[in-house]
Amino acid sequence: MKYYVGIDLGGTNIVAGVVDEEYNIIAKASTKTNCPRPEKEIADDMARMALEAVKNANLTIDDIEWVGVGTPGIANSETGIIEYSNNLGFNNTPMVKYIQEKIDKPVFIENDANAAAYGEFVAGAAKGSKNAVCITLGTGVGGGIIIDGKIYSGSNFAGAEIGHTVVHVDGAQCSCGRKGCFEAYSSATGLIRMTNEAIAEHKDSIMAKSAEEKGKVTARTSFDCMRAGDKYAKAVVDKYIKYLAAGITNTINIFQPDVLCIGGGVCNEGDPLLLPVKALVKEEVYTRNSDKNTEIVIAKLGNDAGIIGAAFLGRANQ
């Protein structure tokens, strides 16, 4: 049996996992990222978590084939440098070099959304496909593209920023600087913003009462209140689904993948989210009269997608 280490570097947590050749995570280790702090300290913690995960798996580093890293931002897979990551404060960080100072193994690096997409491609919802796109609905909207079994990252390693395509010209402000981005409307953050806007307009709604009782608004608020009979909550959900379907349709029209999988916490809603999205996409997609259309599915691996995808980056680079 061969073993690999995948490291998922996030703005909140660093998680390392040992993965066997059958895509099973057999041990993990994690610690807080604690941003902002010096990049070398974060790299040292990444290496420490990798070694701790290996120990937890009752293995030694000699049993490991390679280490893969999924990171937010622009990760140059050729040089091993994280060229830019606004969430982590990285600029031209030689991450592969830093980790190899602690672990004498080949180290591969890739954008975290790309790594998660590769995880779904090799072991999850997109397994068995040739071309796939994965969209993650979290704090932002992440994208990963697989073409002919290879990760597509563009000529400058910044490809697949699906979240920063526009679905509403001159719409809501996005953190990237543009207005009306897919991310501004289809991320969990965007859903919370639209829910808050509706609460401000309808202070007697079930949503408003829920927010007051719980002391906060989450990405589940509008869905939960819709189920409780709130027509204003249903309007928020309908608006969210409309924009999500528009972004997915745009993506399918460009790439025409075998499979498009959507992941992230919002997808825990299941069919109340997926079925109306699929119906709208079916109406709008350019190939609606084709015998073969993209299958839209919910991602299967959850938070493990990034670890598994990162662990198999060595294969992706072969």
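View 1. Two strands are said to pair if DSSP finds at least two bridges between them, and helices (H or I, at least four residues) and strands (E, at least two) are DSSP runs numbered from the N terminus. The structure is a predicted model, in which local features need pLDDT of at least 70 and side-chain atom pairs count only at pLDDT 80 or more, while totals for chains, interfaces and linings use all residues. Residues are numbered from 1 along each chain as its sequence is written, and side-chain values use heavy atoms, with hydrogens and water left out. In this view, five strands form an open sheet in the order β3-β2-β1-β4-β8, with mixed pairing. The edges are formed by β3 (25–32) and β8 (107–111), each of which pairs on one side only. Direction ignored, neighbouring strands of this sheet are turned by 20° against each other on average, where axes are lines fitted to C-alpha atoms, for helices over the stretch in contact, and angles run from 0 to 180 degrees between N-to-C directions. Strands β1 (residues 3–9) and β4 (residues 64–71) run parallel and are joined by five bridges, and Tyr-3 has Ile-64 in β4 as its bridge partner.

**View 2. Helices α1 and α10 lying across the sheet of View 1.** Helix α1 (residues 39–56) lies across β1, β2 (13–20), β3 and β4, and runs at about 150° to β3; contact here means heavy atoms within 4.5 Å. Helix α10 also lies across β1, β2, β3 and β4, but its reported angle, about 130°, is taken to β1. In the loop between β3 and α1 the reader will find Pro-36, and the peptide bond that leads from Cys-35 to Pro-36 is cis, with omega near -5°.

View 3. Strands β9 (residues 132–137) and β12 (residues 259–263) pair in the parallel sense over five bridges, and the bridge partner of Ala-132 in β12 is Val-259.

**View 4. The crossing of α3 and α10.** Two packed helices are described by the angle between their axes and the distance between the axes. The axes of α3 and α10 (residues 304–311) come within 6 Å and cross at roughly 85°. That makes α3 roughly perpendicular to α10, since angles under 35 degrees count as roughly parallel, over 145 as roughly antiparallel, 65 to 115 as roughly perpendicular and the rest as oblique. Among the residues that make the contact are Ala-115, Tyr-118 and Val-122 of α3 and Ile-308 and Ala-310 of α10. By class, this contact has eight nonpolar, three polar and one charged residues, where Ala, Val, Leu, Ile, Met, Phe, Trp, Tyr, Cys and Pro count as nonpolar, Asp, Glu, Lys and Arg as charged, and the others, Gly among them, as polar.

**View 5. The packing of α5 and α6.** Helix α5 (residues 188–201) and helix α6 (residues 206–214) pack at an angle of about 110°, with their axes 8 Å apart, and that makes α5 roughly perpendicular to α6. Thr-195, Ala-198 and Ile-199 in α5 meet Met-207, Ala-208 and Ala-211 in α6. The residues of this contact divide into five nonpolar, one polar and no charged.

**View 6. The backbone at Phe-157.** Phe-157 is found in the loop between β11 and α4 (182–186). The phi angle of Phe-157 is near 65°, which is a positive value in a residue other than glycine.
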